[in-house]
Amino acid sequence: MIKIDSYEYYYNPEDGKYYIRKKNNSPHPLKKLKDKLNKSKDKKNKGNRSDDSTNKVDKLRDKVNTANETNKSYDKADAVNETNKVDITDYPLYKMSIKNNHKHPIKVSIVMPTYNKYHQTSLSLYGLSKQTFPHAEYEVILVDDASSDNTSNILKEVDVPFKFKYIQMKQNKGRSSVRNIGINHAEGDLLIFLDGEMLAPPAFIENHYKHHVHESNLVVTGAMHYEGVYTFIMPDYNEDQVAHLKELVGRDPEYRRLYENYEQTKQHSNVPCPLVTKEDIDTNRFQRLSFPNRYFLNSGLKHFGERLEGFTLPYIAFLSGNVSVRKANLKKSGLFDETFVGYGAEDWELGYRLYKNGVQFVLDPSTVAYHQEHGISKRKVKEQWGNHYRFVNKHPHIDVLILSLEWKELPFMHIHQTLVEYNELEERFPDEYNELKHAFCTMLFRIIEYLNNGQPVTKLYDLPEGSEERIKIHQQFETLRPRGFDYLASSFEQIYYL
């Protein structure tokens, strides 16, 4: 463990930065010289000083002045050494290294999980070093979930102006667990969750932060205004990604040349080929390889405005690839549920708890970040349904179950209207439609259950012909549309007759 009281904190006015240096507990040599000088002066005042003593005093004074100049040079060199110094603490599950470990108050903590994305993460950290937000007031906590690539080299390779905490897990623990570790080491009141492959524009932190200055109960997301970018040619791109990249490189002769060179040599290489450089980030040239993906907005969310006024499922805006929330709100609602392992739903589940505690969700396009595209693991689909199954098991409520309709590729506007009408049905007819309500919720749950089990999604509520319950459901269904429940009738119909 590093002994904190062995170090002191000071400000260097020459470069406007804060540094730490090791305390010198023994008397400083300058102090010794000054003490001798003062004693000599005392002798002079008493009239006991000789010409020899005067010469000695002059020599001592010269020595002090020389030492002062030397000390200035030493302090400057020492400041550089302390800036590059890395504090290391070993915990049972992980090791944490801190670079630029100053004591300036941190306002914003960026928590970035990463796993085997060394190349993209290096560029992401470069983007975060170019922020307009004061460098001394934010920190980046990179939590490496036991990567097997070169991610561990990042600590010694990066030259960043912010406080940088690199946490290296000793074994893979999953997204929820590593984010929670990052949260526990965060010093800022505001947390921004950002995936390790996200490339943040210069005003990214500033645009997140401004929302939280005057309001304490917000979730702010840029993820709904998704921007993708191809910064590397990855060997594991699928056919669609390759076709898309070929189209984008045509926008720029240099990118096209790099891609054509890769095409000629790719059979000899199984490593990522860089397209975007740091200079491209500085000049925004990388945007020629970017593209929008407005899935959520185009599926209905754009109709509800920046604050999702009236939207019944606002928690789906909590997408941990790019979202901010105050630490106090997390303490109230709880952290990520660590039973969610792998890809998907762990952020929606936390967003749902925040939503139930009254947090306001905000969509802001100025907080967008660029997702550096990478190969898509085939395991993701199974992991996604597994975590969604945990979600509906934990919260088997209609405003969670209703998301099962997304499997039918129904737009979010349709899903929202279905939930509005279901709630209206409950309010207007609390003692009617009981069989239909029960059947609808059961089918919604079974969609996710079957997908998780790898079963065909069919016969979700199969009742014998002529059974009393079946007859009642059919009779109740026939009255939905005449009473104005068109969306609910449509959604029920689409899953009942599978």
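## Exercises on a predicted model

Gly228 stands opposite His371 in E17. The model is predicted.

**Exercise 1.** Work out how strands E11 and E17 are joined and which way they run.

*Solution.* 
- Locate E11 at residues 227–229 and E17 at residues 370–372.

**Exercise 2.** Find which strands stand at the edges of the four-stranded open sheet.

*Solution.* 
- Write down the order, E9-E17-E11-E14. The pairing is mixed.
- Take the edges: E9 (198–199) and E14 (290–292).
- Each edge strand has a single partner strand, so one side of each lacks a neighbour in the sheet.

**Exercise 3.** Compare the reach of helix H15 with its expected span, then state what covers its buried residues.

*Solution.* 
- H15 covers residues 412–428, 17 residues in total.
- From first C-alpha to last, H15 reaches 24 Å, close to the 24 Å expected at 1.5 Å a residue.
- List buried residues of H15, including Phe412, Ile415, Leu419, Tyr422 and Leu425.

**Exercise 4.** Glu409 and Tyr433 each have a positive phi. Decide whether each is buried or exposed.

*Solution.* 
- Glu409 has a phi of about 60° although it is not a glycine. Its place is the loop between H14 and H15.
- Glu409 has 71% relative accessibility; the cut-off for exposed is over 50%. Therefore Glu409 counts as exposed.
- Tyr433 also has a phi of about 60° without being a glycine. Tyr433 is found in the loop between H15 and H16.
- Tyr433 has 3% relative accessibility; buried means under 20%. Therefore Tyr433 counts as buried.

Conventions. Residues numbered from 1 in each chain as written. Predicted model: local features only at pLDDT ≥ 70, side-chain atom pairs only at ≥ 80, totals over all residues. Heavy atoms only, no water. Helix = DSSP H or I, 4+ residues; strand = E, 2+ residues; numbered from the N terminus. Expected span 1.5 Å × (residues − 1). Buried < 20%, exposed > 50% of the residue type's maximum accessible area, 1.4 Å probe, protein only. Contact = heavy atoms within 4.5 Å. Pairing = 2+ DSSP bridges.
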